[in-house]
Amino acid sequence: MAFSALAWTAALALPVVFAQDRESDRSKSPKIAPRMQPDSHNTTHWPTRPLPWGEINFIHTTDTHGWLEGHENEVNYGADWGDFISFVTHMRDKADQQNVDLLVVDTGDIVTGNGLSDVSTPEGQISNPIFRYLDYDLLTIGNNDLYDPEVTERIQVDIADYYTERYLTSNVLVEENGKNTSIGEKYRYITTKHGLRIMAFGFTLQDFKAPKTVHVQGYEEITEEDWFKEALNQPADLYLLIGHADIGQSCKIETKYQGDQNPLICMKNWFRENKPEIPLQILGGHSHVRNFTCYDSGSSGLESGRYSDTVGWLALSDVAPSDTWNGSKTMTDVPMPTRTCTPHNPTSSSSMEKTVRLDRRYLDFNRQTFAYHALGVTGPDVPASFDTPTGQYVTNDIEGTRSQYNLTTELGCAPQSYYIASSPYNCPDNIYTLVRSALNATVHGNNSDSARLIIFNTYGIRYDLYQGPFTVGDAFTVSSYADVFYYIADVPYDDITKQLQKKLNEYKGTDPDYEEPKKDCGSKGVRFSTSRYAGASQQSVLTSHASDPHDHNPGHVTKDDFGDCSASSEDCGDDTLHIPRLENEPHPYYMQVKGNIDENETRTVDVVFTSDIQKKIIEFLGLTDKDPVVKPYMDETFTTRDFLQVYAKTVWSDKPTCEIGP
């Protein structure tokens, strides 16, 4: 759907009310404010321990992928972007009260994966202006922000030009008018309110299929450039590397695309070798996990989940020299970080390295969590004083926008939840079992009785589908990409054709044989993991936090370099404890769906596929580019983004009530 000029102008016409958020005369009314989106649900589980506060603190988001309305059918992550904006405003006030510093950072991928970002052409045209109501201190770009030149142009206009010196793209160049230019700034030099001198850079991974107009530089190029040498001339107390890359990778990796490295980690190594006396902090992303890793006594990395399910918190102390720091070094009413990082490779540590005290926390994205840390609220009711003017406006704007573009339209009621990796492939509650049924029911040409073999890329399914109301927005979330179905007609249904799925999966390096379930499917529902971590058990999680009066529900259970949440609460990084669920069931890269095929009688089939695998389909069928006639299988307006919508309207008929799952 392309925007008209009028609609685009309206999307930008948002009132500037940031200044009001910083005012101290907020309403003190005890009125309860049920914000969020109307179709979201409050959580029944919230934190029971305060956050640690250091001299410099960070709120971190990454891989939001347009999830600005929250997770309507998941109680742990029901807050929306307006709620988060209110939270950040309160936390900045708290930092001022504590006489310490707080920076708010995002590390990229703000499109692809949600209706708010994907319903427009180009993606992000609706969501970018809403996203930028969060007053970030630093941001960088992700790979999903770079695949489509039109999307990247919107990122530049809506985000980079808006945040100006705060948007960092130190190693990303985009060709414009025959010249390579940086979308954002190369670096930012910050002197905080309390005198901490920070030199910040933004680095993006190389391991993605970028357009020819995008060049992602490696660290060898960066360290030789004049701007980088200029940045190093500035006195710094902390080097801050924000990046859209995996914090747990090594510098040198095997990639298929632009380089052979993770530039974020390579740059970290360069700084630790050349500036070991200055602490370094990484805030990363891309791998969609909660993670914290220690590199040495003066450097560490944090990742903060995906899809607005996590807010990362990091507290650092003993960073600034006492002669430049004018904030508080001690606090009496909040805990301070006491942990230190042990080097992964002790032989590489330098006597010049400074030891930093630090701690991290992973916050569930819900209003109760935000109100607990912002206002000390310890129950289910969030007072009206939590919501700031900007937060309220953005919540209402998201609600209106979702309604305007039909994203809240209910297509049916999902009778159960379906999982990508929490259920074995081919089991009833595995999402690809549902996908197989939906494709078979909806993807057919002019003759619905024709024999067809549909080949589908499973990685086009980006999220679990949860029990409860299934909306147009949910369809975008589960199947984000708009790929057209093509086909080759009347292909002999012989051994070659029957082996297509196997050949494709062998090519991608996944198990070629997924025809039958390899495990006992058991009962439907979330599968709890008692063996994901050594010594872990469900009971250990249920009893590990004696001060928590609530039973725990399924959710993220994180193991990182500071602790294992499935085994111990003392070192646990998860802000709210959960029962771990299995999240590592494998699935093939490609699946096949048989329609109207009789193994004994069928002689020819229509081979149906999306354009991304057209070349391999032709190759594995033993054809040449000149042999087959590839045509759209259905009207080209029907894409992989639509088949679940049609299925839900057809199969999941409306019910008087539709409850979400446990």
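A disulfide is taken here as a pair of cysteine sulfur atoms within 2.5 Å. The structure is a predicted model, in which local features need a pLDDT of at least 70 and side-chain atom pairs count only at pLDDT 80 or more, whereas totals for chains, interfaces and linings use all residues. Residues are numbered from 1 along each chain as its sequence is written, and side-chain values use heavy atoms, with hydrogens and water left out.

The pLDDT, the predictor's confidence in each residue on a scale from 0 to 100, averages 88 over the chain, and 88% of the residues score at least 70. Over residues 1-31 the pLDDT stays under 50, and the model has 57 contacts (heavy atoms within 4.5 Å) beyond four places in sequence for this stretch. Residues 530-549 likewise have a pLDDT below 50, with 32 contacts beyond near neighbours in sequence. Where pLDDT is low, the predicted coordinates should not be read in detail.

A search of the whole structure finds 5 disulfides, and, with bonded cysteines counted along the chain, they follow the pattern 1-2, 3-4, 5-10, 6-7, 8-9. One of them joins Cys294 to Cys341 with an S to S distance of 2.1 Å; the link is left-handed, with -70° about the S-S bond. Cys294 lies in strand β11 (residues 290-296) and Cys341 in the loop between β13 (310-317) and β14 (357-364), 47 residues apart, helices (H or I, at least four residues) and strands (E, at least two) being DSSP runs numbered from the N terminus. Both Cys294 and Cys341 are buried, that is, under 20% relative accessible area, where exposed means over 50% and partly exposed in between (1.4 Å probe, protein chains only).

Cys427 and Cys521 are joined at an S to S distance of 2.0 Å, and the torsion about their S-S bond is about -90°, so this disulfide is also left-handed. Because Cys427 lies in the loop between β15 (410-414) and α12 (431-442) and Cys521 in the loop between α15 (500-508) and α16 (538-543), the pair ties together parts that are 94 residues apart in sequence. Cys427 is buried at a relative accessible area of 0%, and Cys521 counts as buried at 16%.

The disulfide of Cys251 and Cys266 has an S to S distance of 1.9 Å and, with 95° about the S-S bond, is right-handed. Here Cys251 is placed in the loop between β9 (238-244) and α9 (263-274), and Cys266 in helix α9, 15 residues apart. Cys251 counts as buried at 13% relative accessibility, and Cys266 is buried with a relative accessible area of 2%.
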